[in-house]
Amino acid sequence: MTADLAFMTRAVRLGHRALGTTAENPPVGCVIVKDGVIVGLGWTQPGGRPHAEVAALRMAGAAARGATAYVTLEPCAHHGRTPPCAEALAKAGVVRVVAAVEDPDPRVSGGGFAILRQAGISVVTGLGREEALSDLAGFLTRIVNKRPYVLLKLALSADRKIAEAAGKRTAITGPEVKARTHLLRAEADAILVGLGTVLADDPDLTCRLPGLEVRSPIRVVADSRGAIPPGSHLVRTAGKVPLWLLSLAGTPAPEGVDILACAPGATGGVDLADGLAKIAARGINRVLAEGGARLARGLIEAGLVDELQLFQSPKFLGPQGVDGFAGMPFAQVMAGFRPGAEETLGDDRLSVYVRG
């Protein structure tokens with residue numbers, strides 16, 4: 001591994017820390033190196049500011065002059081709540097910038113690199129691009145496709161069932177999967193479930209990993225007519241962790257709950273594509289969809305799933321169990337996805353599939 005790639009890999013790891021915490025901004029990592037020594041480290045801070053480059057420059061101080069900055073995304077070029085990071089790097093005296101990914105945001109899109117080059121800074125692009133894209137996918141999907149990146153997570157029995165019977169809460173996978181699910185929640189901006197999941201499980205949908213409780217995502221329920229029980233955990237805790245309902249226009253909102261009025265879907269519920277667009281308009285980059293079966297099928301049929309994480313138990317639930325994809329043939333579910341990582345978690349198996 002070259003020194004450049006090693007420092008970029010460090011920047012990617014720093015950016016990963018920011019997943020689920022940066023609001024509408026991307027989770028970026030930055031490493032500043034002078035004479036082969038790291039003098040500054042930074043990642044996008046909670047709420048999206050300060051940006052990674054600014055945090056790293058603050059740590060580097062005067063040592064940034066004559067240094068190289070490794071950053072996972074093109075430094076911003078526009079004046080928003082803060083000045084452009086490209087200008088901050090130039091002002092600090094950085095002489096070289098290595099960036100993994102160009103920012104497609106029209107306010108940037110090559111403009112950051114132009115500012116750097118005009119300041120006489122050497123710019124290298126594309127190094128570590130594939131590594132960086134994984135964590136930047138939410139932001140990039142929202143900017144390019146006007147919807148969040150959707151990760152669909154399901155816990156399945158060996159015969160691909162999600163419950164022993166309709167409406168019956170069923171523990172399928174073990175504690176290792178439960179912990180991983182809470183980590184996925186901590187790295188998401190929002191979590192999406194269908195009304196059926198709320199009625200069957202009365203979930204909290206929060207992150208309960210020690211120390212990460214504050215990173216609970218916004219809870220979103222696809223509930224076309226506002227049928228969520230007022231006494232459900234989600235409604236009762238909406239003052240602590242926000243709750244949004246994807247509902248049809250005119251649906252009354254329970255106290256403390258936001259309604260995102262969506263177009264009707266073909267099957268009588270909400271149009272999921274419109275719902276995700278409404279979510280993206282509020283700055284949500286990454287959505288973790290946890291089911292149930294009808295929501296999973298609806299998202300897949302509409303081509304709205306970017307990543308599948310299937311946690312499979314060795315248990316069999318039998319023909320009376322609830323099919324994980326509401327009767328959709330598994331071969332059809334997998335169409336358009338390619339295999340990714342595989343991992344063993346206790347007695348269970350994680351299989352990751354990504355779009356394209």
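Glu-342 is partly exposed, with a relative accessible area of 43%. In this predicted model, Glu-342 forms a salt bridge with Arg-349, and the closest N and O atoms of the two are 3.3 Å apart. Their contact is one of the 11 salt bridges that a search of the whole structure finds.

**Salt bridge Arg-349 to Glu-342**

- Arg-349, the partner of Glu-342, is partly exposed, with a relative accessible area of 36%.
- Partly exposed here denotes a relative accessible area between the 20% limit for buried residues and the 50% limit for exposed ones, so the value of 43% places Glu-342 in this class.

**Salt bridge Glu-290 to Arg-185**

- Between Glu-290 and Arg-185 there is a salt bridge whose closest N and O atoms are 2.8 Å apart.
- Glu-290 belongs to the loop between strand 12 (286-289) and helix 10 (293-301), whereas Arg-185 belongs to helix 6 (residues 175-186); the pair therefore ties together parts that are 105 residues apart in sequence.
- Both Glu-290 and Arg-185 are buried.

**Salt bridge Arg-297 to Glu-301**

- Arg-297 and Glu-301 form a salt bridge in which the closest N and O atoms are 2.9 Å apart.
- Both residues lie in helix 10, where a spacing of 4 residues corresponds to about one turn of the helix.
- Arg-297 is partly exposed, with a relative accessible area of 25%.
- Glu-301 is also partly exposed, and its relative accessible area is 47%.
- Side chains of opposite charge can pair when their charged atoms come close.

**Pairing of strands 6 and 13**

- Strand 6 (residues 149-156) pairs with strand 13 (residues 307-312) in the parallel sense, over 6 bridges.
- Leu-152 has Leu-308 in strand 13 as its bridge partner.

How values were computed
Residues are numbered from 1 along each chain as its sequence is written. This is a predicted model: local features need pLDDT of at least 70, side-chain atom pairs count only at pLDDT 80 or more; totals for chains, interfaces and linings use all residues. Side-chain values use heavy atoms; hydrogens and water are left out. Two strands pair if DSSP finds at least two bridges between them. Helices (H or I, at least four residues) and strands (E, at least two) are DSSP runs, numbered from the N terminus. A salt bridge is a side-chain nitrogen of Lys or Arg within 4 Å of a carboxyl oxygen of Asp or Glu. Buried means under 20% relative accessible area, exposed over 50%, partly exposed in between (1.4 Å probe, protein chains only).
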